[in-house]
Structure formats: structure tokens, C-alpha cells
Amino acid sequence: MKIKAGIIGGAGYTGGEMLRILVNHPNVEIAFVNSTSNAGNLISDVHTDLIGDTDLKFVSDIPQDIDVLFLCVGHGDAKKFLTANPIKDNIKIIDLSQDFRLHANASFSTKDFVYGLPELNRDKIKAAKNIANPGCFATCIQLGLLPLAAKGLIQNEVHINATTGSTGAGQSLSTTSHFSWRNNNLSIYKAFEHQHLNEISESLLQLQPSISEALNFIPQRGAFTRGILAAMYLESDLSLEEAQNIYEAYYSAHPFTHVSRKNIDLKQVVNTNKALVHLEKHGGKLFIISIIDNLLKGASGQAVQNMNLMFGLDETAGLKLKAAYF
């Protein structure tokens, strides 16, 4: 019997990517896709890349004869949705917003949310009823730092420069996502203050409780649509070989995160649920590059990975995607 899935907020980028994965998932039946602004319209009229893949239409109601509900809504809207639309406790919820990611916000009514980064909390995710899916920048940066924190090796400030594609800003039009502004352009925003720093810090403290060093994070908007590249460095006494061995051991049981001994580039992960990490040593500094697709490993792909774990499926089911490399 297939898992019956419902999607709230199916008209946006993460909803579209969720649909693209689930229509081909061998263990899932899409029960409904909710969008109040598009109710009655064919899904393929909005997500035109899905023409020929599904005849489903958007609906405005929220049937509760499902097994899992994906909340592909904006930040702040998940809590509003659950307040206005109580969901039965037997339905598993995977929320892609930031509403329940931090420890202080992880409980809502009768529901407790587990932070859904499999490379950090796989066993907790398997037993969870509700998941708070990590942020895209947070996923990319954490995957570059978790192995060090697990060994208690973050002993100095970490300097992070990360660039995201325009889809990271969502589908709503804004000045900074307008083609004429974004194309051939580069800009910094929320320097040292990006909201994902909070969840990154909580995860690192989970592995290395003594950590007190600053995370100096400079986010950038890139002139491309998909992907995040995070370049990080810190002072470290590790040799390159020691660092590579630590990272390879940490990720050896995780099917989507790989340590590359060759330099990496974004096209290797775009359209996949993979994360790639590359290490270099420059004098006393350990230099770390981490890359993901912000809409897949940074959002909808990771949400499906979490669903697979929650329902005891193969962790990679429906997610064996080839990179759009050419």
C-alpha cells in the first residue's frame, strides 16, 4: 500500500519540486495539492514542466485521510496554517518553513517537531511524528562543519562566505529576484545576521556543547537560479589527510553526502539531493567547500528523504536523480 501524501502550498518553488519528486516516487500516492489561489486549475497549468506527468488539479480543501502532510509555505505561515486547520495527530507533518526549527519553537499544541537533518538526527527522524525541515543555507553550512563538531574540533572562529541562487528567495517577485537586477550582478545581504545562524549554532552545540566560537557568515545573492556554494575556513591543527579521514568516516553511512578529494562545482549537485564537501589545507587553516541544490537537499529533496526515514523506506527512494550537468 502506498503512502498517501498531501501538499499545502503546492504552487511555489518548493511545492513544485515536491510534486516533481513525488509523482515518480515508487511508494507515494499524491492525495491532494492545496493552493487557495489556484484551486480548480490543473497542476500542470502552473508547473508546466509537469505536463504529461499528472492530471491532478489544485484543491482548496484539506482532506485528512492521508499519512503525511508537507507544508510548503512561507516562514511564519506554517504556524498560522496549523492554528487555523488542526491536523489529526496520526498524520505525520513535514514543515519546510522555519517555524519549528529551533528548540524554543519545536512544540506546537499536541505536536513536537524534530529537526530534520538526517546527517545529524537520523535515528530521531525515524521515530518522529513531525519534522522541521532545515533551511537551505543551514543545510549546506552544517554539512561542512558537522564532522569537526562531532570530534570537538571547532576551537576557533569559523569564517563563512556562501552564495545562493535566486530560487532561494522564493517565487514572489521582488527587486532582488528581478532578472534585470539579478543577472550579471552579485550582492551581500544580512551579513553576520542571517536567520539560519540560529539553527546552525544549535546543531553544532548538539555535537560540541563547549563551542563558543563565532560563526562569521556572509551570505551572497548569485546571478544563477539554483544551488548554494559555501566556502568556509578556520584555524586547525589537523593535517589534510586527518581531516579527510574524519569527514569520510562521519559521512560513510549517509547516502547523499560525499567527500570529494577533487575540487567541486555547483553543477555536480544541481537537480540532485546530493551534498558534496571538499577540503583543503592552507598553512594553519582548514578550508571547506560545501555545495547543495537549495531546492532539493536544501528543501523538498531533504523533506522526502525525511519522509522515507519516518516510514521505514529506503532512504534514497524517489531521490536517485542525475545532476543537470550539461
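Student: Why is Lys285 called partly exposed?

Tutor: Keep in mind that this is a predicted model. Lys285 has a relative accessible area of 35%.

Student: What makes Lys285 and Glu235 a salt bridge?

Tutor: The closest N and O atoms of Lys285 and Glu235 are 3.1 Å apart. The cut-off is within 4 Å, so the pair counts as a salt bridge. Lys285 lies in strand 15 and Glu235 in strand 12, so the bridge ties together parts that are 50 residues apart in sequence.

Student: And how do you know that Glu235 counts as partly exposed?

Tutor: Glu235 has 37% relative accessibility.

Student: Why is Glu17 called buried?

Tutor: Good one! Its relative accessible area is 7%. Buried means under 20%, so Glu17 is buried.

Student: What makes Glu17 and Arg20 a salt bridge?

Tutor: Their closest N and O atoms are 2.7 Å apart, and the rule asks for within 4 Å, so the pair qualifies. Both residues lie in helix 1, 3 residues apart, about one turn of the helix.

Student: How many salt bridges does the rule give?

Tutor: The count comes to 11 salt bridges. Among them is the one between Arg261 and Glu248, at 2.9 Å from N to O.

Note on methods
Residues are numbered from 1 along each chain as its sequence is written. This is a predicted model: local features need pLDDT of at least 70, side-chain atom pairs count only at pLDDT 80 or more; totals for chains, interfaces and linings use all residues. Side-chain values use heavy atoms; hydrogens and water are left out. A salt bridge is a side-chain nitrogen of Lys or Arg within 4 Å of a carboxyl oxygen of Asp or Glu. Helices (H or I, at least four residues) and strands (E, at least two) are DSSP runs, numbered from the N terminus. Buried means under 20% relative accessible area, exposed over 50%, partly exposed in between (1.4 Å probe, protein chains only).
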